[in-house]
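Me: Hey, could you walk me through this one? I'm new to reading structures.

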Amino acid sequence: MSTPDTINLGIFGGGTVGGGIVEILTQKSSYFRQLTGKTIRVRKVCVRDASKPRDFTLPEGCSIVTSYDDILDDDDIDIAVEVMGGTTDAKDVVFTALSKGKSVVTANKALIAKDLPEIEKLLTTLDTDDTQFRYEAAVCGGIPIIRSMQSDFVGDDIKLMSGIINGCTNFMLTAMDRDKKSYDEALDQASKLGYAEADPTLDVGGFDARSKLKILMRLAYGMDVEEDEISCRGITELTKMDFEYAKMLGGTIKLLGVAEKNDDGHVSAFVSPCYVTNDDPLSSVNGATNAIEVVSKNLVSSIYIGQGAGRYPTANSCINDIVALAKGDKTKLPFNPKSDTKFANNYSSVFFLRLNYRDQVGITRQVGEICEKHDVSIHSILQNPVQKSQDSAFAIVTEKVEYAAILQVLADIEALSWCKGKPFYMPVLREDWQT
Ligand SMILES: NC(=O)c1ccc[n+]([C@@H]2O[C@H](COP(=O)([O-])OP(=O)(O)OC[C@H]3O[C@@H](n4cnc5c(N)ncnc54)[C@H](OP(=O)(O)O)[C@@H]3O)[C@@H](O)[C@H]2O)c1
């Protein structure tokens with residue numbers, strides 16, 4: 001029974017995150033009572049398979065259910081916590097709960113990134129002072145980046161956000177670079193340790209990072225951009241050789257989500273492997289750890305580093321949302337005000353290109369001519385000793401150029417008879433990387 005001194009929860013999902021939420025609420029129940037003046041009770045946990053053994057203890061008065069309506073139709077439940085994942089049933093659950101006046105706490109970045117405009121539209125029709133939508137766990141698990149974007153940067157102007165926002169791929173890149181693992185070995189290890197999504201394409205293809213970047217762009221710049229407008233490349237094309245060249249240049253490779261406000265006011269963004277110098281703070285963020293650097297007018301540079309996933313870090317963020325709701329905190333606009341900031345589907349950067357080739361006369365000359373044709377200036381050329389003349393590679397570092405020009409250069413090079421496979425390219429994170 002809901003009373004003014006009680007907050008009742010229905011949790012959709014009793015897996016990794018759901019179990020962690022129940023555990024923390026149980027362990028800290030009396031502290032939360034003192035902190036909020038309310039008793040926070042988990043009344044129902046909705047799962048797919050009620051007979052499956054659970055690795056957490058159900059609190060007293062809490063039942064396992066399998067029908068969404070057991071929670072949605074229960075007027076005593078004040079907060080619906082959605083930690084079951086997916087974008088179809090989860091959407092129905094979240095929308096229905098909000099429509100019925102229940103606040104929602106969710107960790108579901110895929111759902112938010114996909115349906116953000118619809119969620120916002122629904123929220124405007126509700127009394128959002130009482131029906132709140134909270135999603136701290138949706139971006140970078142345990143790192144409190146959503147709250148910061150909602151409050152700490154409101155007097156500031158964000159110029160750039162660049163971050164390691166997918167733990168699985170950062171774990172893999174660390175294993176490939178530091179531990180000399182192959183791509184397959186690294187993915188296998190990441191999956192065994194539970195860092196990979198059920199469908200690892202979401203991680204290795206950069207799509208999970210892109211969902212998070214889209215949410216951060218909405219908060220930082222007030223803009224809605226379709227996810228598939230953001231250029232997205234994962235780590236599948238990376239080879240050991242790219243790490244060797246990165247090392248020769250004095251750095252490493254990280255999969256980054258980057259959004260930058262250009263001088264003309266447009267925002268450009270991409271997810272891509274990036275060359276990062278060893279003195280960049282992001283270069284030493286290893287394993288499944290996440291990190292985001294926010295460059296802004298007032299605060300200059302702020303870096304958030306922490307656990308981007310896992311039971312307790314993610315549950316911790318959900319708990320913070322639940323406790324904030326129990327305290328009566330209100331957020332009028334969970335996504336900050338909208339702006340007319342436009343998206344620019346292009347960006348400028350220094351680029352690293354790796355070209356595989358069958359040896360023949362005139363290769364460097366042809367590459368030079370193609371670069372000149374597209375106004376791309378070459379900064380340096382790197383080559384390890386040639387071991388197989390029919391299967392070799394060299395790398396080029398360009399000066400700062402437009403992404404669109406690099407795509408043209410690569411298309412022309414790929415059409416040449418000596419070029420083996422698709423050339424690989426990645427932006428270099430800092431313009432001043434050479435100094
Ligand atoms: N795990 C992380 O580190 C992490 C980090 C950040 C965000 N997230 C997000 O948090 C959410 C949950 O992730 P998770 O790792 O906790 O997933 P999980 O371990 O697979 O747990 C999912 C839970 O939801 C239940 N469920 C799934 N589909 C259902 C359905 N159709 N009807 C009823 N119950 C259903 C499952 O029931 P059964 O147990 O009966 O199968 C399970 O208890 C996802 O949106 C994920 O993206 C997770």
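Reply: Helices (H or I, at least four residues) and strands (E, at least two) are DSSP runs, numbered from the N terminus. This is a predicted model, where local features need pLDDT of at least 70, side-chain atom pairs count only at pLDDT 80 or more, and totals for chains, interfaces and linings use all residues. Residues are numbered from 1 along each chain as its sequence is written.

Me: What's the strand order in the open sheet?
Reply: The order is β3-β2-β1-β4-β5-β6, which makes 6 strands with parallel pairing. At the edges are β3 (63-65) and β6 (133-134), each with a single partner strand, so one side of each has no neighbour in the sheet.

Me: Which strands does α1 touch?
Reply: Helix α1 (residues 16-27) packs on the sheet and touches β1 (6-12), β2 (39-46) and β4 (79-82). Touching is about contact: the C-beta atoms of two residues, placed from the backbone, lie within 7 Å.

Me: New topic: how is the chain divided into domains?
Reply: Domain 1 is 6-141 + 321-327, domain 2 is 145-308 and domain 3 is 348-428. Those bounds come from an automatic or database domain assignment.

Me: How many residues of domain 2 are in contact with domain 3?
Reply: 11 residues of domain 2 are in contact with 10 residues of domain 3. On the domain 2 side, α11 (240-249) and β10 (267-277) each supply at least two residues, and α11 gives the most, with 5 residues.

Me: Which residues of α11 are buried?
Reply: D242, Y245 and A246. Buried takes 20 or more other C-beta atoms within 10 Å of a residue's own, exposed takes 12 or fewer, and partly exposed is in between, with C-beta atoms placed from the backbone.

Me: Why are they on the same side of α11?
Reply: Because they cover an arc of only 105° around the axis. That arc is the one of the directions from the helix axis to the C-beta atoms. On the other side of α11, K240 and M248 are exposed.

Me: And what covers the buried ones?
Reply: The cover includes β9 (251-261), β10, β13 (348-357), β14 (378-382), β15 (392-398) and β17 (424-428).

Notes
Pairing = 2+ DSSP bridges. Axes fitted to C-alpha atoms, helices over the stretch in contact; angles between N-to-C directions.
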